[in-house]
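Here's a quick look at how one predicted model packs together. Have the coordinates open while you read.

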Amino acid sequence: MTNTSVTEDQKSNLFELAIKAKDASYSPYSKFRVGAALLTADDTLYKGCNVENASYGAAICAERTAYVKAVSEGHREFKALVVSSDQEDYISPCGICRQFISEFNKVDMPVYLLNSRGEAKETTMGRQPWVNYYLLLLG
């Protein structure tokens, strides 16, 4: 069983990494930058950003970018995820990301949502309702 406890130092590092990940975002169509940071069971950190494509369907979200990087390096168990944006409101993973994340995580894994002020809201994969950030784009 994976130890899912996250220390304050780990949270701080994850928050900083998720915010920094936004800088690499390729979002020329929506201008909606998202960064994610992921903590593996062995305390390795991965970051990801959203990468858009003109087709939209070929775009990849920040959360999946972080997971793909970690899984491609052999990781299958995770302790925490952080999602950051430039929005004043908290955003959360879209439906495709939730499905992708659920492949690897327990419903009680902490997910931290960061708003543009760096404030954090803690939730889990099992808590509802999730706010779909694509709905924010539609406005």
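At 27% relative accessibility, Phe100 is partly exposed, a label for anything between buried (under 20% relative accessible area) and exposed (over 50%), using a 1.4 Å probe and protein chains only. Tyr67, by contrast, is buried at 0%. The model is a prediction, so to speak with caveats: local features need pLDDT of at least 70, side-chain atom pairs count only at pLDDT 80 or more, and totals for chains, interfaces and linings use all residues. Numbering starts from 1 along each chain as its sequence is written, and side-chain values use heavy atoms, leaving out hydrogens and water.

Back to the rings. Seven aromatic pairs turn up in the structure; Phe, Tyr and Trp rings (the six-membered one for Trp) pair if their centres lie within 6.5 Å, and planes under 30 degrees apart are stacked, over 60 edge-to-face, the rest tilted. Tyr67 and Phe100 have ring centres 6.4 Å apart and planes at 75°, so they sit edge-to-face. Tyr67 belongs to helix α2 (residues 62–72) and Phe100 to helix α3 (residues 95–102), so the pair ties together parts 33 residues apart in sequence. Helices (H or I, at least four residues) and strands (E, at least two) are DSSP runs, numbered from the N terminus. Ring pairs also link Tyr67, Phe78, Phe100 and Phe104 into a cluster.

Tyr67 shows up again in the largest nonpolar core, which has 22 residues; Leu38, Tyr67, Phe78 and Leu81 touch the most other members. Such a core is a set of buried Ala, Val, Leu, Ile, Met, Phe, Trp, Tyr and Cys residues joined through side-chain atoms within 4.5 Å. The biggest contributor is α2, with five residues. Eight of the eleven residues of α2 are buried, so the helix is largely enclosed by the rest of the structure.

| Strands | Sense | Bridges |
|---|---|---|
| β1 and β3 | antiparallel | seven bridges |
| β3 and β4 | parallel | four bridges |

Gly35 has Ser84 of β3 as its bridge partner, while Val83 stands opposite Leu113 in β4.

Finally, confidence: pLDDT is the predictor's confidence in each residue, from 0 to 100. The chain averages 89, with 88% of its residues at 70 or more.

Terms used
Pairing = 2+ DSSP bridges.
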